[in-house]
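Hi,

Here is the structure I promised to pass on. Have a look, and then read on for what turned up in it.

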Amino acid sequence: MPSPIIRDAVPADLPAITAIYDEAVLHGTATFELIPPDLAEMTRRFEALAEGGFPFLVANDGGGTIAGYAYAGPYRARPAYRFTVENSIYLAPAAQRRGIGTALLQALLTQCAPRGYRQMIAVIGDSANAGSIGVHRKAGFTMIGTHPSVGFKFGRWLDIVLMQRAIGEGTTTVPGVGG
């Protein structure tokens with residue numbers, strides 16, 4: 001199995017990204033969306049993250065196919081949260097359990113540190129999502145809590161698992177001017 005090629009996402013990747021997310025919405029519990037957004041909405045989301053200076057990455061499976069994607073975005077809108085990001089990772093079904101999620105997360109962490117982010121939060125849909133919990137644990141995230149039964153999808157109540165990891169200097173120093 002070749003190593004995935006991780007690179008910045010470009011607009012031409014959006015149809016593949018949209019298809020991967022469609023699958024996650026329709027068949028998975030990692031996202032609590034119930035109706036898959038169309039290409040226009042996914043383009044709007046991509047552009048908003050790009051305008052905010054957030055990293056958005058894709059993984060090529062080594063054969064030219066987009067196998068997954070990951071991005072960091074604002075954790076919360078209020079200014080005091082500006083040094084904290086939330087991550088999202090989605091993989092095509094055939095790409096799961098091949099190390100691609102781990103590679104995407106590591107690349108995302110690498111891109112977030114020089115941008116001044118100090119904490120990354122993972123909001124994992126479904127406490128039974130052992131794959132995502134494992135990928136985050138392997139990357140140094142720690143469990144910080146669970147919101148039990150806050151989502152309802154596929155006829156059942158779902159938890160949200162929260163995990164967190166320091167980035168770069170974390171909380172060992174005060175951010176620069178304006179911090």
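Helices (H or I, at least four residues) and strands (E, at least two) are DSSP runs, numbered from the N terminus. With that in hand, the elements of the protein chain go β-α-α-β-β-β-α-β-α-β-β from the N terminus on, which makes four helices and seven strands.

Before the rest, some housekeeping. This is a predicted model, where local features need pLDDT of at least 70 and side-chain atom pairs count only at pLDDT 80 or more, while totals for chains, interfaces and linings use all residues. Residues are numbered from 1 along each chain as its sequence is written, and side-chain values use heavy atoms, with hydrogens and water left out.

On overall shape, the radius of gyration (over C-alpha atoms) is 16 Å. That agrees with a compact globule of 179 residues, which would come out near 16 Å by the rule of 2.2 Å times the number of residues to the power 0.38. Buried residues (under 20% relative accessible area, 1.4 Å probe, protein chains only) account for 41% of the 179.

If you click on M120, look for its contacts (heavy atoms within 4.5 Å): leaving out residues up to four places away in sequence, M120 touches, among others, V85, L105, L108, F141 and I167.

Cheers

Terms used: Buried means under 20% relative accessible area, exposed over 50%, partly exposed in between (1.4 Å probe, protein chains only).
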